[in-house]
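This briefing goes through a single protein chain, from its overall build to individual residues. Please keep the sequence and the structure at hand while reading.

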Amino acid sequence: MITAEQSEQLRVWFAERLPVDIYASLVSVTVDREEITVVGTIPATESAKEFRERTREQRIEVAREAEELYRRKVAWGVRTGEETVLFTHLAVPVMTRLRQSERQVLDTLVAGGVARSRADALAWCVRLVGRNTDAWLTELRDSLDKVHQVRAQGPDAPDSMKSGPE
């Protein structure tokens, strides 16, 4: 789990390296174990496709540096109004074990045409939970950040927890 402090360090890192004409403003830098996703606003007069073409070389240059430094892939996105469009982002397989009642939920979503497969149904469920419990997940992430901070201050804290991203 990445701490809030490490996440903010990443945001600063990208803000310092992105050329000023890439985004009108940097909206978010989100990170997990596999990927860093950078999203910014673009002018209403520019489409996501136009942005992607116009900034490709600059983004590749920044992404290469970040991928070498942070050992994660970099994904990009744009926000125009209320819409966010992501591109070059990963879809990472996740293994799980489900009991019959849980598998039946997925099978019902497949049978109902909500999803093409159990994997799609599970991804749909995760997106639904993420949308509907955003406040709860935010509170949980904040609590985990606090736990990481307290651990990092302890006498036996590993070096990896005492510093930010490398």
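Of the 166 residues in the chain of this predicted model, 25% count as buried. The C-alpha atoms fill a box of roughly 55 × 50 × 30 Å along the principal axes. Among contacts with a separation of 6 or more, 53% are between residues 24 or more positions apart.

**Layout of the chain**

- The chain holds six helices and four strands.
- Read from the N terminus, the elements follow the order α-β-β-α-β-β-α-α-α-α.

**Strand pairing**

- Strand 1 and strand 2 run antiparallel and are joined by six bridges.
- A hairpin of three residues connects strand 1 to strand 2.
- Within this pairing, Leu26 stands opposite Gly40 of strand 2.
- Strand 3 and strand 4 are also paired in the antiparallel sense, over five bridges.
- The hairpin formed by strand 3 and strand 4 has two residues between the strands.
- Gly81, in the turn of that hairpin, has a positive phi of about 65°.
- Arg79 has Thr84 in strand 4 as its bridge partner.

- Leu86 is part of strand 4.
- Leu86 counts as partly exposed because its relative accessibility is 38%, a value between the 20% limit for buried and the 50% limit for exposed.
- Leaving aside residues up to four places away in sequence, Leu86 touches Thr37, Val39, Trp76 and Gly77.
- Trp76 is 10 residues from Leu86 in sequence, and the two C-alpha atoms are 5.9 Å apart in space.

- Helix 3 has 12 residues, so at 1.5 Å a residue it should span 16 Å.
- Just after helix 3, Gly113 has a positive phi of about 80°.
- Arg71 also has a positive phi, of about 60°, and is not a glycine.
- Most residues other than glycine have a negative phi.
- Arg71 lies in the loop between helix 2 (48–70) and strand 3 (73–80).
- Because its relative accessibility is 66%, Arg71 counts as exposed, the cut-off for which is over 50%.

**The largest pocket**

- The largest pocket has a volume of about 2200 Å³.
- Its lining consists of 43 residues, and those closest to its centre are Thr30, Asp32, Glu35, Val126 and Arg141.
- Which elements each supply at least two residues of the lining of the largest pocket? They are helix 1 (4–17), strand 1 (25–31), strand 2 (35–41), strand 4 (83–87), helix 3 (100–111), helix 4 (118–132) and helix 5 (134–152).
- Helix 4 provides the largest share of the lining of the largest pocket, with nine residues.
- By residue class, the lining of the largest pocket comprises 20 nonpolar, 10 polar and 13 charged residues.

**Points to look up in the structure**

- For the strands, start from the pair Leu26 and Gly40, and then go to the pair Arg79 and Thr84.
- For the backbone, the residues with a positive phi include Arg71, Gly81 and Gly113.

Definitions and conventions:
Residues numbered from 1 in each chain as written. Predicted model: local features only at pLDDT ≥ 70, side-chain atom pairs only at ≥ 80, totals over all residues. Heavy atoms only, no water. 1 Å grid on protein atoms, 1.4 Å probe; cavity = no way out; pocket = protein on both sides within 12 Å on 5 of 7 lines; lining within 4 Å. Points joined across faces, edges and corners; volume = space filled by probe spheres on them. Nonpolar A, V, L, I, M, F, W, Y, C, P; charged D, E, K, R; others polar. Buried < 20%, exposed > 50% of the residue type's maximum accessible area, 1.4 Å probe, protein only. Contact = heavy atoms within 4.5 Å. Pairing = 2+ DSSP bridges. Expected span 1.5 Å × (residues − 1).
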